[in-house]
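Hello,

Here is the structure I promised to pass on. Please open it first, then read my notes below.

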Amino acid sequence: GESAFSGCSGLTSIVIPQGVNNIGDYAFSRCTALEGDIIIPDNVTSIANNAFKCCTNLTSVTIPNSVISIGNSVFQDCNNLTSVTIPNTVISIGESAFEDCKNLTSITIPDNLTRISNRLFNDCLALTSIIIPESVTSIGNDAFYNCKALNSITIPDTITRIGGYAFY
């Protein structure tokens with residue numbers, strides 16, 4: 001539920017049981033000692049806003065095929081996050097979901113996503129390349145703002161809108 005373990009700064013690992021189908025708002029936010037890989041169980045369909053925000057020692061996250069929705073700022077400020085696996089079942093990723101993930105080097109955008117939200121990858125300083133699938137029609141404001149290492153991007157013909165400062 002909402003804020004269930006928020007601020008548990010001594011929590012180093014979690015095992016989310018199979019019976020869980022939703023990870024609530026701020027559920028694990030500010031669990032700064034939480035480290036390693038988070039494996040989200042197969043029953044989870046949504047990860048709510050700020051669920052893992054400021055979990056500064058997380059290094060990787062595996063999201064199962066059951067997830068269709070990732071909320072706003074879910075992994076924001078997860079500075080040591082280097083890899084995230086997002087399945088093609090995800091149809092919505094909220095604003096700032098990966099903002100300030102300074103060590104995130106690569107990510108695959110799901111084939112069913114239609115919009116890259118505002119500030120989605122803002123300040124992902126280590127992100128080097130991105131392939132945007134043809135399902136995407138718009139790129140939000142500041143989506144890739146300050147992605148200084150970004151040296152390769154593929155933008156499909158399906159894009160009809162690129163927001164302000166998207167690649168600044």
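**What I found**

The chain has 13 strands and 0 helices. Read from the N terminus, its elements run β-β-β-β-β-β-β-β-β-β-β-β-β. The radius of gyration is 15 Å, close to the 15 Å that the globule rule gives for 168 residues, so the chain is as compact as a globular protein of that length. Please keep in mind that this is a predicted model.

**Overall dimensions and packing**

Taken along the principal axes, the C-alpha atoms fill a box of roughly 45 × 30 × 20 Å. Of the 168 residues, 44% count as buried. Now the contacts between residues at least 6 apart in sequence. Of these, 27% join residues at least 24 apart.

**Surface and charge**

The chain carries 7 positive and 14 negative charges.

Which strands form the open sheet, and in what order? There are 3, in the order E9-E11-E13, and the pairing is parallel. Strand E9 (115–116) and strand E13 (161–162) are the edge strands. Each of these pairs on one side only.

Go next to the pairing of E9 with strand E11, residues 138–139. The two run parallel, joined by 2 bridges. For a place to start on screen, find Ile116: it stands opposite Ile139 in E11.

Best wishes

Methods. Residues numbered from 1 in each chain as written. Predicted model: local features only at pLDDT ≥ 70, side-chain atom pairs only at ≥ 80, totals over all residues. Heavy atoms only, no water. Helix = DSSP H or I, 4+ residues; strand = E, 2+ residues; numbered from the N terminus. Rg over C-alpha atoms; globule rule 2.2 N^0.38 Å. Buried < 20%, exposed > 50% of the residue type's maximum accessible area, 1.4 Å probe, protein only. Contact = heavy atoms within 4.5 Å. Lys, Arg positive; Asp, Glu negative; His and termini not counted. Charge placed at Lys NZ, Arg CZ, Asp CG, Glu CD. Pairing = 2+ DSSP bridges.
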